[in-house]
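Open the model in your viewer and keep the selection panel at hand. The stops below go from a sheet to the charged side chains around it.

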Amino acid sequence: DPEEALGESWRWRTFDRAEGLGSSTVTALHQDRNEYVYAATDRGVSRYDLWEWTVLENAQPFDDGEVRRFVESPSTLYAVTANALWKVQGGTVLAPFYRGGGLFAASNDIGDVFVVESRDAKHLHVRGEAVERIDDVRLPGGKVIAYDVDPARIHWLLTADGLFQRDMGRRAWRELHDRDVDTALSDRKCK
């Protein structure tokens with residue numbers, strides 16, 4: 001039976017605390033350029049080297065909320081919580097890097113890391129050890145729900161007031177309406 005054969009060819013492995021994962025409650029998962037897998041749990045961040053899980057030093061549960069996502073530059077991996085950007089150092093230590101309010105982060109295909117700080121309505125760029133404000137263009141109104149950068153390096157911001165797009169060559173965020181979204185997304189491919 002082909003269905004039975006297919007079921008036999010796929011093996012799922014379950015990881016838990018007994019195997020070194022910090023907790024079975026995972027809030028974010030990321031595989032970095034070196035193929036290490038990072039899992040953010042309610043008990044900190046763990047790294048899997050394809051043999052075993054190790055809990056990162058200083059990766060205790062975060063006092064400012066769960067890790068929402070990981071973003072990566074060519075040389076650094078960051079864990080993003082609601083109020084902080086944490087830097088993974090040497091793959092084994094987690095250190096605070098930037099504090100703000102209502103943080104959302106994304107990286108593009110060349111590894112630039114960008115941050116939206118919704119509390120102060122700032123759009124930021126991580127450059128080495130510095131976090132710089134991109135410009136004085138204000139973020140659109142409304143509570144920020146999501147932020148990302150696509151392969152064409154277009155910045156996307158979803159707020160309670162709508163969907164906005166910004167090409168970094170322009171000075172303003174542009175609100176997209178239904179007809180704009182159909183056009184803007186027609187040539188995009190899902191990852």
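Strands here are DSSP runs of E of at least two residues, numbered from the N terminus, and two strands pair if DSSP finds at least two bridges between them. The model is predicted, so local features need pLDDT of at least 70 and side-chain atom pairs pLDDT 80 or more, while totals for chains, interfaces and linings use all residues. Residues are numbered from 1 along each chain as its sequence is written, and side-chain values use heavy atoms, without hydrogens and water.

Select E9, E10, E11 and E12: in that order they form an open, antiparallel sheet. Its edges are E9 (103-107) and E12 (130-133), each pairing on one side only.

Next, show E10 (residues 113-117) with E11 (residues 122-127), antiparallel strands joined by five bridges. Glu-117 has Lys-122 in E11 as its bridge partner.

Glu-117 is buried at 1% relative accessibility, whereas Arg-119 is exposed at 55% (buried is under 20% relative accessible area, exposed over 50%, partly exposed in between, with a 1.4 Å probe and protein chains only).

Move to Glu-132 and Arg-127, another salt bridge, with the closest N and O atoms 3.0 Å apart. Glu-132 is partly exposed at 35%, and Arg-127 is partly exposed at 46%.

Finally, pick Asp-135 and Arg-166, whose salt bridge has its closest N and O atoms 2.4 Å apart. Asp-135 lies in the loop between E12 and E13 (144-149) and Arg-166 in E15 (residues 162-167), 31 residues apart. Both are buried.

How values were computed:
Helix = DSSP H or I, 4+ residues; strand = E, 2+ residues; numbered from the N terminus. Salt bridge = Lys/Arg side-chain N within 4 Å of Asp/Glu carboxyl O.
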